[in-house]
Amino acid sequence: MTVTACPDGPLLVRGDFSLAEAPGRTPERPDRKVVALCRCGKTGIAPLCDGSHKLTGFRAPSPPITP
């Protein structure tokens with residue numbers, strides 16, 4: 001599995017994984033090989049991204065700079 005943070009957007013998850021909709025819920029395998037997980041908190045289809053970050057002007061924190 002790989003997770004890629006899109007600049008000012010969702011986390012793209014690729015590979016072999018399962019998702020739980022909430023803590024304590026049974027994880028299930030999605031029917032897709034790639035899913036976009038919301039980082040802005042404004043999605044209407046949590047935990048998946050619905051593009052709301054574009055409408056809200058979400059800005060992701062910058063990653064730490066390593067020397």
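Buried here means under 20% relative accessible area.

**Figure 1. Overview of the protein chain in the predicted model.** By that cut-off, buried residues account for 21% of the 67 residues in the protein chain. The chain contains one helix and three strands, and these elements follow one another as β-β-β-α from the N terminus on. The C-alpha trace spans about 35 × 30 × 20 Å along its principal axes. Of the contacts in the chain with a separation of 6 or more, 26% are between residues 24 or more positions apart.

**Figure 2. Surface and charges of the protein chain.** The chain exposes about 5100 Å². Carbon and sulfur atoms supply 56% of this area. The chain carries 9 positive and 6 negative charges. The mean position of the positive charges and that of the negative charges are 6 Å apart.

**Figure 3. Close-up of the salt bridge between Asp8 and Arg59.** The structure holds two salt bridges, one of them formed by the side chains of Asp8 and Arg59 at 3.7 Å, N to O. Arg59, at 59% relative accessibility, counts as exposed.

**Figure 4. Close-up of the salt bridge between Asp16 and Arg29.** The closest N and O atoms of Asp16 and Arg29 are 2.1 Å apart. Asp16 and Arg29 are both placed in the loop between β2 and β3, 13 residues apart. Asp16 is exposed, its relative accessible area being 55%. Arg29 also counts as exposed, at 57% relative accessibility.

**Figure 5. Close-up of Cys40 and its surroundings.** Cys40 is located in the loop between β3 (34-37) and α1 (52-56). Its relative accessible area is 17%, so Cys40 is buried, the limit for that class being under 20%. Once neighbours within four places in sequence are left aside, Cys40 is in contact with Ser52, His53 and Phe58. Arg29, a partner in the salt bridge with Asp16, is eleven residues from Cys40 in sequence. In space, the C-alpha atoms of Cys40 and Arg29 are 23 Å apart.

Figure 6. A disulfide requires a pair of cysteine sulfur atoms within 2.5 Å. The count by this rule comes to zero disulfides.

Technical notes:
Residues numbered from 1 in each chain as written. Predicted model: local features only at pLDDT ≥ 70, side-chain atom pairs only at ≥ 80, totals over all residues. Heavy atoms only, no water. Helix = DSSP H or I, 4+ residues; strand = E, 2+ residues; numbered from the N terminus. Buried < 20%, exposed > 50% of the residue type's maximum accessible area, 1.4 Å probe, protein only. Contact = heavy atoms within 4.5 Å. Areas by Shrake-Rupley, 256 points an atom, 1.4 Å probe, with all protein chains shown as cover. Lys, Arg positive; Asp, Glu negative; His and termini not counted. Charge placed at Lys NZ, Arg CZ, Asp CG, Glu CD. Salt bridge = Lys/Arg side-chain N within 4 Å of Asp/Glu carboxyl O.
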